Amino acid sequence: KRKKKHYFLRFIVLVAFATGMYFFFTSSLFDIQKITVENNRYYTEEQVISLAGAKTGRNLFETSLSQMKEQLLADPYIKNVKLKRRLPAEVVIIVEERKEDAAVPYGSSYIIIDKEGMVLRKTDREPVLTLLLGMTIENMEPGTPLAVEENAALTDTLKLLDEVKKHELFFKKIQISDIMVKAYIYDQLVCEGTPEDIMGNMASLQEVLYDLYTKGIERGVIK
């Protein structure tokens, strides 16, 4: 009987403690008062908060961070996200956004993709990005990889673009084919070769372009 009373007393204390903790953590002390967004570039802080469905006034511990993460990752521009609770009343959203790297013309529109070929959006306005020409589009759904018949050529060209950025160069457009690419520095100044050849001679290309620039030459073919 004494043992039963002892266990019952411990049970009552445990229930009382758990109840007290529940009311403590669900009190207004932990109502969200601040939502902080970090590392955003493309979206504004307000847009990220809206995409996450985060709101002040809700209890910090009753708010589902996993649901916020799921909603954010549903957007094509959000590559990764971390969320954390900061006591007593703050939610921190750390996003990793995809960057616009190239555009593929599609009729009178443009398909914007990142360096991995992920489709970010479709726009009717020509962007200030390298245009990738000569491909047959099979799928362009935002949030999915761009699917084209020339998939291997697209992969190689995206690697080339990434290397070009590292060397602080810019191609206005790239005409893709199975044999080689034509990378346009100006409308009449073209660099021809395979993506591998161009990437392997990037330092030389920089020297040639600088020499042409100092001489005012804006037309010709660099092989």
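Hi everyone, let me start with a helix: α3, residues 65-73, lies across β2 and β3 and runs at about 160 degrees to β2. A word on terms: helices (H or I, at least four residues) and strands (E, at least two) are DSSP runs, numbered from the N terminus. Axes are lines fitted to C-alpha atoms, for helices over the stretch in contact, and angles run from 0 to 180 degrees between N-to-C directions.

Please keep in mind that this is a predicted model, where local features need pLDDT of at least 70, side-chain atom pairs count only at pLDDT 80 or more, and totals for chains, interfaces and linings use all residues. Residues are numbered from 1 along each chain as its sequence is written, and side-chain values use heavy atoms, with hydrogens and water left out.

Now the sheet under that helix. It is an open sheet of three strands in the order β1-β3-β2, with mixed pairing; two strands pair if DSSP finds at least two bridges between them. At the edges sit β1 (34-38) and β2 (78-86), each pairing on one side only. From one strand to the next, the twist averages 20 degrees. β1 pairs with β3 (residues 90-97) in the parallel sense, over five bridges, and V37 stands opposite I93 in β3.

Contact, by the way, means heavy atoms within 4.5 Å.

How do the two helices meet? α2 and α3 pack at an angle of about 115 degrees, and their axes are 7 Å apart. That makes α2 roughly perpendicular to α3, a label for angles of 65 to 115 degrees, while under 35 counts as roughly parallel, over 145 as roughly antiparallel and the rest as oblique. On the α2 side the contact is made by V48, L51 and A52, and on the α3 side by M68, Q71 and L72. By class, that gives five nonpolar residues, one polar and no charged. Here Ala, Val, Leu, Ile, Met, Phe, Trp, Tyr, Cys and Pro count as nonpolar, Asp, Glu, Lys and Arg as charged, and the others, Gly among them, as polar.

In general, most residues other than glycine have a negative phi, and most peptide bonds are trans. In the loop between β2 and β3 we find P88, and the peptide bond from L87 to P88 is cis, with omega near 5 degrees. The loop between β1 and α2 holds N39, whose phi is positive, near 75 degrees. N39 counts as partly exposed, at 43% relative accessibility; buried means under 20% relative accessible area, exposed over 50%, partly exposed in between (1.4 Å probe, protein chains only).

Next stop, β5, residues 109-113. Is this strand mostly covered or mostly open? It is mostly covered, with five of its five residues buried. S109, I111 and I113 point one way, and Y110 and I112 the other way. On one flank, β4 (residues 102-106) pairs with β5 in the antiparallel sense over five bridges, and P105 has Y110 as its bridge partner. Two residues lie between β4 and β5 in their hairpin, where G107 in the turn has a positive phi of about 65 degrees. β6 (residues 119-123) also pairs with β5 in the antiparallel sense, over four bridges, with T123 as the partner of Y110. The β5 and β6 hairpin has five residues between the strands, and G117 takes a positive phi near 85 degrees.

S109 counts as buried, at 7% relative accessibility. Its side chain is joined to that of D124 by a polar contact of 2.8 Å. A polar contact is a pair of N or O atoms within 3.5 Å; within protein, one must be able to donate a hydrogen and the other to accept it, and residues adjacent in sequence count only if both atoms are side-chain atoms.

Last, helix α4, residues 151-166, where we find T157. T157 counts as buried, at 0% relative accessibility, and its side chain reaches the backbone oxygen of A153 at 2.7 Å. Beyond its neighbours within four places in sequence, T157 is in contact with L132, I174, I176, V181 and P195. By contrast, E168, in the loop between α4 and β10 (173-176), is exposed, with a relative accessible area of 75%. Thanks, and I'm happy to take questions!
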